[in-house]
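Here are my notes for your first look at this structure. Keep the view open and follow the points in order.

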Amino acid sequence: MNSAADGLCVEKVHVWRGERHVLKGLSLKVGPRELLHISGPNGTGKTTLLRVASGLLRPEQGTVTWMGRPISSSSSQYQAAMAYSSHEPALKSDLTALENLRFAVGLKRRVTLQELRTVLDCTGAGPIADLPTRVLSAGQRRRVALARVLAMRATLWLLDEPYSNLDASGIELLSGLLQAHVEGGGVALVVAHHALALDCNVRRLELNS
Amino acid sequence: MTVGAWEAFVLIVRRELVLSFRRPEQLLQPLVFFLIVTTLFPLGLSLQLSLLRDISPGVLWTAALLSSLLSLDALFKSDADDGTLEQLSLSGQSLTLIVVAKTCAHWLVSGAALVVVSPIVATALGIPVAAFATMMLSLALGTLTLSWLGAIGAGLTIGLRRGNVLLSLIVLPLATPLLIFGAAATERAISGSSAVGAMYFLASVCVFTCTLAPLAATAALRITLE
């Protein structure tokens, strides 16, 4: 078991969305070399949980800590260590895949275009790097979003349904990336509806209404 | 390896400029609106040149304010719609810096562009060349202030479906001092008297909004991001 000082720790978090009490005193801990697979029926707060963990959403009650420090008080250090990918790919349709990565990753750390091209190659998006993302398919956009997560070189990955729209080779690729990330000492929270066939330390969290 | 504030600022401004130039129609729409509205007036009043001279500062400023409003709506909305605003806000850079960079870039493609084409409009309205410098400076100050006021309004109205109507209702009352003093400065410059008083007022309002509006716009954005 990991101590509370390393990794992500969510403690007794309550979130209301309007009249609905979505997260009711949820607590969880994910340490290094661990992947938390979050699943559950629609509308049970999986995305809300990830948004709380990312700091986008402040819980009405409870705390989220990273490496023992509340994420709200050390948000820039936390954000530098974290890569969040929502269920939409969050790409500008008028920019090329490479430009999208350059402007998104470039705010987190200094990167060269060559490095970004290599990362795009890794996720199988190399050939489409110079196309505006408006002409890409949903699966290709997902691969570009995945490349963005990879290029951020973050310790903590928060991925909301990263498997959606991916083809068989994409699913295999993502599983490989997740496994390498976790085995390399990373932390991951992944929302997915199907079982993850991964050869690493996977814990499962089932959310119910 | 971390990215400094200035570097991040430049990167965001570049991003905004690249995005604007990929959509030239969005860039040109407010400018064309400005040109059309102001050139319609002389056509309608062609027989009374003296009347045209009298109303030209008001026409110029009203058209400038309304055309600036056209582009304000898109300031944060497109980024909020496609999810890139979330990515920006999680980039490790302060949200205020992001707001400042986006608003500056917005002013460059809307306000500054409007200032550049204003001599054409001024010629059509019969404003003497001697008054151009004052007119352009007053427009620059006014549009910059308006961009900042708009950033607050745009931040507040992101999540709304008919946000642009509400945005106009929020911004236009706040912009009336700009219209009054901007038009006054231009009018004084045309008549050859000193426009210093009105210009000082415009400049002070501009400094005031540049200082406080980033904080207000950031707070507005933070509320709507949740």
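1. Start with a definition. A helix axis here is a line fitted to C-alpha atoms over the stretch in contact, and the angle is taken between N-to-C directions, from 0 to 180 degrees. Bear in mind that this is a predicted model.

2. Now apply that to chain A. Helix H3 (residues 97-105) of chain A packs against helix H5 (residues 138-151) of chain A at about 35 degrees. Their axes lie 10 Å apart. The crossing of H3(A) and H5(A) is right-handed.

3. Which residues make this contact? H3(A) contributes Ala97(A), Asn100(A), Leu101(A), Ala104(A) and Val105(A). H5(A) contributes Val144(A), Ala147(A), Arg148(A) and Ala151(A). By class, seven of the contact residues are nonpolar, one is polar and one is charged.

4. Next, look at the largest nonpolar core. It holds 124 residues. Those that touch the most other members are Ala53(A), Leu101(A), Leu120(A), Ala147(A), Leu158(A), Ala188(A) and Leu189(A). Leu101(A) and Ala147(A) also belong to the contact between H3(A) and H5(A). Helix H8 (residues 132-157) of chain B gives this core its largest share, eleven residues. In soluble globular proteins, nonpolar side chains tend to be buried together.

5. Zoom in on Leu120(A). Leaving aside residues up to four places away in sequence, Leu120(A) touches Ala97(A), Leu98(A), Leu101(A), Ala125(A), Gly126(A), Ala129(A) and Ala147(A). Ala97(A) and Leu101(A) sit on the H3(A) side of the helix contact, and Ala147(A) on the H5(A) side.

6. Turn to chain B. How many helices and strands does chain B have? There are ten helices and zero strands. The C-alpha trace of chain B spans about 60 × 30 × 30 Å along its principal axes. Its radius of gyration is 18 Å, close to the 17 Å that the globule rule gives for 226 residues, so chain B is as compact as a globular protein of that length.

7. Stay with chain B. Of its 226 residues, 46% count as buried. Take the contacts in chain B between residues at least 6 apart in sequence: 80% of them join residues at least 24 apart.

8. Finish where the chains meet. The contact takes 24 residues from chain A and 21 residues from chain B. On the chain B side, helix H1 (5-22) and helix H5 (84-89) each supply at least two residues. H1(B) gives the most, with six residues. The chain B side has eight nonpolar, seven polar and six charged residues.

Methods: Residues numbered from 1 in each chain as written. Chains lettered and ligands numbered in written order. Predicted model: local features only at pLDDT ≥ 70, side-chain atom pairs only at ≥ 80, totals over all residues. Helix = DSSP H or I, 4+ residues; strand = E, 2+ residues; numbered from the N terminus. Left-handed = near helix turned anticlockwise from the far one by under 90°. Contact = placed C-beta atoms within 7 Å. Nonpolar A, V, L, I, M, F, W, Y, C, P; charged D, E, K, R; others polar. Rg over C-alpha atoms; globule rule 2.2 N^0.38 Å. Buried ≥ 20, exposed ≤ 12 C-beta atoms within 10 Å, placed from the backbone. Core = buried A, V, L, I, M, F, W, Y, C linked by C-beta atoms within 7 Å.
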